[in-house]
Each structure stands twice: as structure tokens, then as C-alpha cells.
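Please look over the structure shown below before reading on.

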Amino acid sequence: MAALDSLSLFTGLGLSEHKARETLKNTALSAQLREAATQAQQTLGCTIDKATGTLLYGLASRLRDPRRLSFLVSYIANRKIHTETQLSGEARAALKWADGKMIKHEVDMQVLHLLGPKTETDLEKKPKVAKTRPEETDRRTAKDVVENGEAVVQTLSLMEQLRGEALKFHKPGENYKTPGYVTTPHTMDLLKQHLEITGGQVRTRFPPEPNGILHIGHAKAINFNFGYAKANNGICFLRFDDTNPEKEEAKFFTAICDMVAWLGYTPYKVTYASNYFDQLYVWAEELIRRGQAYVCHQRGEELKGHNPLPSPWRDRPAEESLLLFEAMRKGKFAEGEATLRMKLVMEDGKMDPVAYRVKYTPHHRTGDTWCIYPTYDYTHCLCDSIEHITHSLCTKEFQARRSSYFWLCNALDVYCPVQWEYGRLNLHYAVVSKRKILQLVAAGAVRDWDDPRLFTLTALRRRGFPPEAINNFCARVGVTVAQTTMEPHLLEACVRDVLNDTAPRAMAVLEPLQVVITNFPAAKSLDIQVPSFPADETKGFHQIPFGPIVFIERTDFREEPEPGYKRLAWGQPVGLRHTGYIIELQHVVKGPSGCVERLEVTCRRADAGEKPKAFIHWVSQPLTCEIRLYERLFQHKNPEDPAEVPGGFLSDLNPASLQVVEAALVDCSVALAKPFDKFQFERLGYFSVDPDSRQGQLVFNRTVTLKEDPGKV
């Protein structure tokens with residue numbers, strides 16, 4: 001009976017009946033799994049999903065010390081351990097029961113949040129493998145600053161990661177030393193020719209598809225590709241993979257170029273896959289002649305799934321395929337009637353990937369010249385070869401295409417670069433898929449691709465994130481093989497670090513309460529000199545008026561204060577920041593509804609008596625502005641995860657993600673501000689001027705709050 005109960009328990013974890021019975025034969029394993037499942041049910045209830053069951057089985061089968069069981073089961077049940085990586089492989093060897101790289105990144109970001117960015121002294125420390133003398137590095141660093149400006153200064157820690165042998169990448173021309181690199185009798189001659197053309201220079205490329213807006217994950221790719229080239233005195237191409245004409249728009253080309261420049265990088269050259277359409281077609285014909293490609297008539301739906309039927313046209317004569325391929329080019333086939341396929345099997349089991357397909361869509365650059373277009377699997381490696389790329393850096397999902405990358409270059413006897421994969425960068429509480437962002441726009445949840453609640457680069461710029469902060473964040477995350485999912489507040493910590501040094505101070509009141517100073521010390525307004533950066537007054541001052549009528553935050557006054565309240569109240573004066581004056585309540589004026597309409601106070605010099613418990617911000621003769629306060633767009637960490645959000649990401653929208661303050665009051669020092677100018681509104685946070693601003697009507701976006709709670713007593 002006990003065996004039947006255990007069998008039911010194990011199959012409930014997602015094990016097949018066969019595997020459950022095999023597990024029962026192992027007394028120690030079945031006892032440990034039974035205990036793990038029972039403990040997990042105390043947290044999760046009787047039903048345990050398959051993903052959690054798989055983790056529990058992995059734990060039970062690997063755990064050597066039973067004393068750890070309760071602790072680790074609680075972590076799995078509470079989703080603190082949620083991937084197989086955290087229970088197996090290199091991470092387990094390096095740090096028991098945790099992904100070591102993930103922990104390192106989390107610790108690095110927490111240290112950054114607590115202590116701020118590394119100082120120049122920190123950055124001067126070099127790895128032991130570095131061969132460059134410190135004085136040479138210092139000279140190079142200084143040159144970088146002069147030539148490339150502030151963005152490079154802020155990404156020095158990334159340069160340190162990428163310089164020299166830090167990543168164990170091959171040297172130019174030594175491609176064959178890379179594990180898994182496929183050589184042919186022609187390889188060494190081709191590498192020799194490659195070195196003659198490049199002079200041994202490192203060459204990378206950033207190859208976006210121009211069918212959407214770049215997001216935070218692309219920022220890592222941009223930093224990696226451009227940064228690796230720069231760190232090693234090389235060059236980086238910006239190459240548009242424009243092989244899907246029906247999805248590409250001119251605005252995406254422009255936006256991508258703008259974002260690369262905004263992050264502080266200048267491509268060696270902007271190129272397009274379409275630049276090479278003629279050469280790619282010639283090589284396709286050569287591939288057919290060599291018996292490595294054929295024209296196929298299987299429909300798209302026949303090629304889908306894990307085990308599609310082999311093509312009955314795989315062995316058709318090369319001469320026949322050449323004629324049919326030419327007919328494809330001349331428009332003699334409808335879309336879907338014919339494709340050109342390559343004869344290989346990829347890592348993921350995909351057989352004979354498509355190289356060319358028929359599309360009767362005019363191309364934004366070549367017009368109606370072509371009605372057949374190459375696919376990514378065919379185009380990418382050959383464009384890399386044409387541009388003599390040394391390091392083809394791409395995200396981990398392209399690892400399944402590495403074999404086709406090497407195979408195609410070698411099948412044509414052309415120079416073969418090396419493909420290196422790294423882990424994607426993702427953020428919690430975010431959706432970055434083009435399709436899903438379009439759904440958000442269509443549903444009215446966001447305005448467009450640049451809505452400040454999104455994590456596209458145009459949205460982050462509009463919200464006020466400095467490019468240096470994004471580069472610093474990418475540097476802190478580092479270059480990893482494992483996919484990295486970070487908390488947004490760690491990115492925000494990088495933003496605060498930059499803005500603290502670059503955003504001049506101003507004062508703004510979101511919920512104004514009028515205050516009349518009945519004994520104002522002058523016949524007219526006084527001009528107050530306010531330091532733009534209180535911590536460093538050498539950066540200058542700005543002037544604001546101080547008159548008998550000022551406005552304070554309504555929350556800075558209490559008629560009946562709670563214990564510990566330190567701001568304005570009966571018998572409790574407060575100081576007005578930067579004025580040198582203290583105000584004390586004399587009279588509260590209320591409207592018919594009983595709401596406080598204004599306060600009447602008296603003032604005295606701050607040095608003429610006891611120091612108040614608090615100093616508050618204020619405005620006088622202010623500008624009326626619109627201020628947009630943003631919170632997370634989604635309520636759950638993983639809005640796309642059905643286990644976390646069963647109703648789908650559109651059901652997880654945060655109804656309080658945007659609050660618009662239409663009549664906020666801001667001091668007049670910001671009157672001449674332009675879109676994307678940034679300020680710290682004292683005690684409120686960092687704000688950026690939105691492009692919606694018009695003459696006489698400024699609009700501000702809250703970029704991030706201050707570290708301190710602005711509502712603390």
C-alpha cells in the first residue's frame with residue numbers, strides 16, 4: 001500500500017510511471033524524494049507543478065547531506081531556487097546549490113547600490129595576467145577620455161573586463177585554436193589571407209534586425225561588441241540584417257543608429273546585409289553546384305515540428321536545382337512554392353535549413369530588384385566572412401546555429417570567423433518582445449515604443465536614464481554564458497549614481513499648500529542663490545525668488561501630527577531650505593468644506609534662535625508644470641510566466657503605473673530647460689524634461705526616486 005502511495009506521489013511530481021517505478025527500486029532515493037515532496041506540499045499544497053517536481057527530483061538524486069534537505073526544499077517551494085542550473089553543473093561545483101555567477105552579479109549590484117561605483121583607484125587594479133605596464137594603461141585611459149568623452153569614462157570597468165585575455169578568446173588569425181572550430185585543407189590559407197587584409201585587427205559587429213526598437217538586452221550586446229573591439233584596439237561594424245522586407249521600416253533604422261550613438265559608440269562602418277545580395281546569390285549557385293543545396297517544394301507547414309518528413313527533392317540533380325533557383329529569382333514561383341535548402345543537420349536536430357525563400361515585397365533599399373531573399377541561417381555567417389569579422393558575438397540561443405555557421409563557410413571555401421555565445425540580459429517586471437509591446441500599445445496600456453514604463457532604449461532615454469548609467473549597469477552585470485535576469489532597482493541604482501553627479505538641483509511641489517509669511521523681512525521678493533550641486537559648490541549656483549507667498553508640500557504640514565513628525569505643525573517651526581529663515585505657524589485658513597486652503601506664518605532668521613527639527617523645500621513665484629510619476633508596469637516579477645500570471649501578461653498590468661500631476665509647481669530655475677534635460681527635485685527624486693513639453697508648459701518625467709523615502713518623518 002505504501003508503494004502505491006509513493007507511486008502516486010511521484011507521478012504527481014511529473015515523473016512518468018516508468019521512472020517513478022524505477023525510483024522506488026532505489027530505497028535511499030525514494031525515501032529522500034518522498035520526504036522532499038511531503039515538505040514541499042506543506043508550502044505549496046497537494047498539487048505540485050512539473051517544473052517544481054523536476055527540481056525536487058534533482059535535489060533528491062544529488063543531495064549527499066540529508067541535513068540540508070529541509071532548507072533546500074523551502075528554497076525550491078518559495079522559488080528562491082527555480083532553475084536546474086542552480087542544482088547541477090559547474091555552479092554546483094563552485095558554490096553548493098547556487099548559480100555562482102548569478103550570486104556574484106547580485107552581490108556586485110548590491111555593493112554598487114550600497115557603496116556607489118568603483119573609484120579610479122579601484123579600477124587601476126589589474127589582473128595578474130595583464131602584460132601592459134600600469135603607466136601605459138594610464139596613458140591609454142587618458143587618451144580614451146579625451147577622444148571619446150564621458151561615456152567611455154563611465155564604462156572603464158567594462159573595458160577592464162574585455163581587455164586582453166580576460167575572456168580567453170582566440171587571437172585574430174588563430175581561429176583554429178577555438179574548441180569546436182571546424183577546419184578544412186583550405187583553412188590555413190584562408191586565415192593567412194584574412195590576416196593580410198585585416199593586419200591582425202580585432203573586428204566585431206552589432207547586427208540588429210531593423211524591425212523593432214532596441215531594448216535593455218540590446219544594450220548589453222552593443223556594449224559587448226563595441227566594447228570588445230575598443231578594448232583591443234579593433235573596429236566594430238553596425239550591420240543591419242535587412243532580409244525580411246515586410247517587417248522592416250525606415251524609422252527602425254534611424255532609431256537603432258540613434259541608440260548606438262546615444263550609448264556613446266561610433267561604428268567603424270554602417271553596412272547592410274542587402275549590400276551583399278549579389279554576392280550571396282552567386283554563392284548560393286556555387287553551393288548548388290557543389291551538391292550542398294537544392295530547391296525544395298515542401299510547404300512551410302510541412303517543415304514545422306520536431307520531426308518533419310525529409311524532402312523528396314533532396315537528391316534532385318544540381319543542374320535542375322540551378323534552373324529552378326534561377327526561376328525563383330525571375331518570379332516564376334508563388335510565395336511558399338519553392339525554397340532553396342542547405343544539406344546539413346543542425347545541433348537542435350533541424351534538418352536542411354532554408355537558405356532562400358520567395359517574397360514579393362519591395363525592399364526598402366533594393367526596391368523590386370529581388371523577389372527572393374536569404375534567411376538568417378544563410379546570410380549571417382557569410383556577411384561576417386565578407387567583413388572579415390574575427391569574433392562573431394551573439395546570444396546563447398544562436399548556439400544551435402553554430403554548426404551551420406562553420407559548415408556553410410567551409411562548404412564554400414571562404415574565410416570562417418568564430419562564433420562566440422554569451423547569455424542574454426533580462427529584467428524582472430519587464431516585457432521586451434516586439435509582438436507583446438505592440439499588444440500593449442494596441443490595448444492602450446502604453447503610448448508607444450518610447451513609453452517610459454517600458455525597457456526599450458528609447459523609453460529609458462525618454463524617462464531620463466543617462467546612457468552612462470546603462471553602460472555601467474551592463475559592465476556590472478558582466479559578460480556571462482548564463483542568461484542573467486536582474487532586478488530593475490539595480491539598474492536604478494546605477495542611474496542614481498550618475499545623476500547624483502550630473503543633475504542640478506531644483507525645487508518642486510507636487511501637492512501645493514499656500515503659505516503667507518505675514519512679517520516678510522523685505523518690501524519685495526529676495527533673490528536667493530542656491531547651489532546647483534550642494535556637495536560641490538564649485539559647480540555653480542542658480543537664482544530663485546523668495547517672496548511673502550510660498551508653496552510647500554501639503555504633506556509637510558499637520559494640524560495634529562503623529563508621534564515623531566518633525567515638519568510644520570502647531571508649536572513646531574521648520575526651516576525653508578536655502579533661505580536662512582525659519583517659519584512658525586500662526587493661523588490655519590480653511591475653506592467651506594473644512595479643507596486647509598492656506599497657512600499664515602511668521603519668519604525669523606535661522607541663526608536667531610533654536611535650530612528646527614527639519615528643513616523643507618518650497619517654491620515662490622513658480623512655474624506650473626505637468627509631472628508624470630511612473631511605477632512598474634507589471635505587478636509580478638515574471639509577467640510572461642503562466643505559472644506566475646495564469647491570465648497572461650496583459651492581465652498583470654499595474655493600474656498605478658502612471659500618475660499625472662497636472663499642476664505641479666516648479667521653481668523658475670528650470671524655465672529654459674529643453675527635452676531630456678535632467679534635474680534633481682530636492683526631496684522628491686530625479687526628473688527629466690519630456691519631449692511633450694511646449695513653450696510655457698514644461699512636462700517632467702520622474703526618472704527614479706531618491707534613495708531616501710521622500711515621505712519619511
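N410 is found in helix α18, which covers residues 402-411; helices (H or I, at least four residues) and strands (E, at least two) are DSSP runs, numbered from the N terminus. This is a predicted model, in which local features need pLDDT of at least 70 and side-chain atom pairs count only at pLDDT 80 or more, while totals for chains, interfaces and linings use all residues. Residues are numbered from 1 along each chain as its sequence is written, and side-chain values use heavy atoms, with hydrogens and water left out.

**Residue N410**

- N410 counts as buried because its relative accessibility is 13%, where buried means under 20% relative accessible area, exposed over 50% and partly exposed in between (1.4 Å probe, protein chains only).
- Leaving aside residues up to four places away in sequence, N410 touches V182, T184 and C416, a contact being heavy atoms within 4.5 Å.

**Helix α4**

- Helix α4 (residues 50-62) has 13 residues and should span 18 Å at 1.5 Å a residue, which agrees with its end C-alpha atoms being 18 Å apart; the expected span is 1.5 Å times one less than the number of residues.
- The buried residues in α4 are T52, G53, L55, L56, Y57, G58, L59 and A60, and what covers them includes α2 (17-25), α3 (27-44) and α5 (69-77).

**Residue T369**

- T369 lies in the loop between β6 (354-358) and β7 (372-374), and T369 counts as exposed because its relative accessibility is 51%.
- A polar atom of the T369 side chain lies 2.8 Å from the backbone oxygen of T366.
- Although T369 and R329 are 40 residues apart in sequence, their C-alpha atoms are 9.4 Å apart in space.

**Cavities**

- A search of the whole structure finds four cavities of 30 Å³ or more, a cavity being a set of points on a 1 Å grid over the protein atoms alone where a 1.4 Å probe fits but cannot get out, with lining residues having an atom within 4 Å of a point.
- The largest cavity has a volume of about 70 Å³, and its lining residues include Y376, H380, R401 and Q419.
- The largest share of that lining, four residues, comes from α17.

Terms used. A polar contact is a pair of N or O atoms within 3.5 Å; within protein, one must be able to donate a hydrogen and the other to accept it, and residues adjacent in sequence count only if both atoms are side-chain atoms. On a 1 Å grid over the protein atoms alone, a cavity is a set of points where a 1.4 Å probe fits but cannot get out, and a pocket is an open set with protein on both sides within 12 Å along at least five of seven lines; lining residues have an atom within 4 Å of a point. Grid points are joined across faces, edges and corners, and a volume is the space filled by probe spheres set on the points.
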